[in-house]
Amino acid sequence: VTTVADFFAMGGQGLYVWLSYGAAAAVVAYNVLAVRLRERRWIREYQDRERRVAGARAPAVLGAEP
Amino acid sequence: VTLQELWHRLGSPRWFFQISGGLRRVLGALAVLLLVTGTVWGLVFAPPDYQQGDSVRIMYVHVPSAVVAQSAYLLMGAAGAVLLVWRMKLADMVLAATVPFGLSMTALALFSGAAWGRPTWGTWWEWDGRTGSMVVLLFLYVALYALRQAIPRPETASRACAVLAIVGTINIPIIKYSVDWWLTLHQSASFSLTKAPSMPPAMWIPLALNALGIYCFFGANLVSRLRLEILERERGTAWVRERMLGAGA
């Protein structure tokens with residue numbers, strides 16, 4: 001019968017196994033988040049800039065088709 | 001679409017952006033499915049090794065990350081060649097977008113290798129052909145990153161990176177054959193596309209799932225980075241404007 005504690009102990013080699021899987025999780029998370037955060041910031045900055053430009057040109061038609 | 005037409009269309013970042021949204025979702029979903037299955041299988045259901053015990057489970061992290069790190073480098077070498085020959089914009093974007101992924105996967109391969117070496121070899125680190133050439137791979141990724149940052153003119157930077165990427169591919173066969181050329185602690189390849197696996201199915205199936213999964217993850221991540229790179233480089237164009245302001249992104 002394998003208990004949860006046995007599973008985490010990994011036959012006494014838990015330190016090495018969990019270090020590896022932890023690093024793997026960190027690397028995957030880094031690759032996902034790095035792109036997602038940059039993407040979000042880029043879209044926000046783009047839309048802010050467009051709004052500023054549109055506002056300077058013709059505040060009344062903000063959001064309307066040019 | 002013939003191959004020739006596809007080649008010409010790849011010259012258009014806009015076309016790539018339009019077709020790649022669905023591709024990214026499919027690859028991302030496959031990656032989650034494969035990596036979750038492979039990891040749970042490898043941690044819970046795969047048997048411990050009769051000599052190594054449970055530390056053999058590090059294999060399901062170590063091998064896929066090491067393999068994809070090298071494939072990513074080969075892709076950059078190919079992209080570098082395409083860039084120098086055909087001046088394809090997308091090739092330069094591939095070259096730039098692959099660096100962070102490849103760098104992080106090389107680091108993961110080295111780190112998990114060290115964590116596996118401690119219980120099996122009795123040491124975190126041993127300089128030999130395999131570990132040395134993987135450190136060289138890490139430095140090549142760092143150099144590619146630094147080179148692009150260091151050269152202000154984009155065209156010069158991309159050509160310099162292309163040359164370095166191509167020259168660096170010489171390191172990939174060195175990594176592959178290092179375990180056969182030099183006597184070392186690192187075991188030789190135990191997984192091959194042409195031979196029957198030397199492991200029981202309960203071990204090689206989760207390994208194969210994680211390997212396939214990491215390639216899907218690479219694909220999805222590369223497409224995501226390429227899409228962002230395209231938006232940044234084409235931000236002045238009408239289609240980006242329409243896309244950003246029209247559909248609410």
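In this predicted model, B:Trp124 comes out as partly exposed, with a relative accessible area of 41%. As for its setting, B:Trp124 sits in the loop that joins helix 4 (89-121) to helix 5 (129-150) of chain B. Leaving aside residues up to four places away in sequence, B:Trp124 touches residues of two chains: A:Tyr16 and A:Leu19 on one side of the list, and B:Ala114, B:Ala115 and B:Arg118 on the other. Back along chain B, B:Phe111 is 13 residues from B:Trp124, and the C-alpha atoms of the pair are 9.1 Å apart.

B:Asn171 is another story. With a relative accessibility of 6%, B:Asn171 counts as buried. The residue belongs to helix 7 of chain B, which covers residues 171-181. Its side chain has a polar atom 3.1 Å from the backbone oxygen of B:Ser133. B:Ser133 also turns up among the contacts of B:Asn171, together with B:Val136, B:Leu137 and B:Leu140, again with residues up to four places away in sequence left out.

As for chain A, the partner that supplies A:Tyr16 and A:Leu19 to the contacts of B:Trp124, its fold has two helices and zero strands. Chain A has 66 residues, and 27% of them count as buried.

Definitions and conventions. Residues are numbered from 1 along each chain as its sequence is written. Chains are lettered from A and ligands numbered from 1 in the order in which they are written. This is a predicted model: local features need pLDDT of at least 70, side-chain atom pairs count only at pLDDT 80 or more; totals for chains, interfaces and linings use all residues. Side-chain values use heavy atoms; hydrogens and water are left out. Helices (H or I, at least four residues) and strands (E, at least two) are DSSP runs, numbered from the N terminus. Buried means under 20% relative accessible area, exposed over 50%, partly exposed in between (1.4 Å probe, protein chains only). Contact means heavy atoms within 4.5 Å. A polar contact is a pair of N or O atoms within 3.5 Å; within protein, one must be able to donate a hydrogen and the other to accept it, and residues adjacent in sequence count only if both atoms are side-chain atoms.
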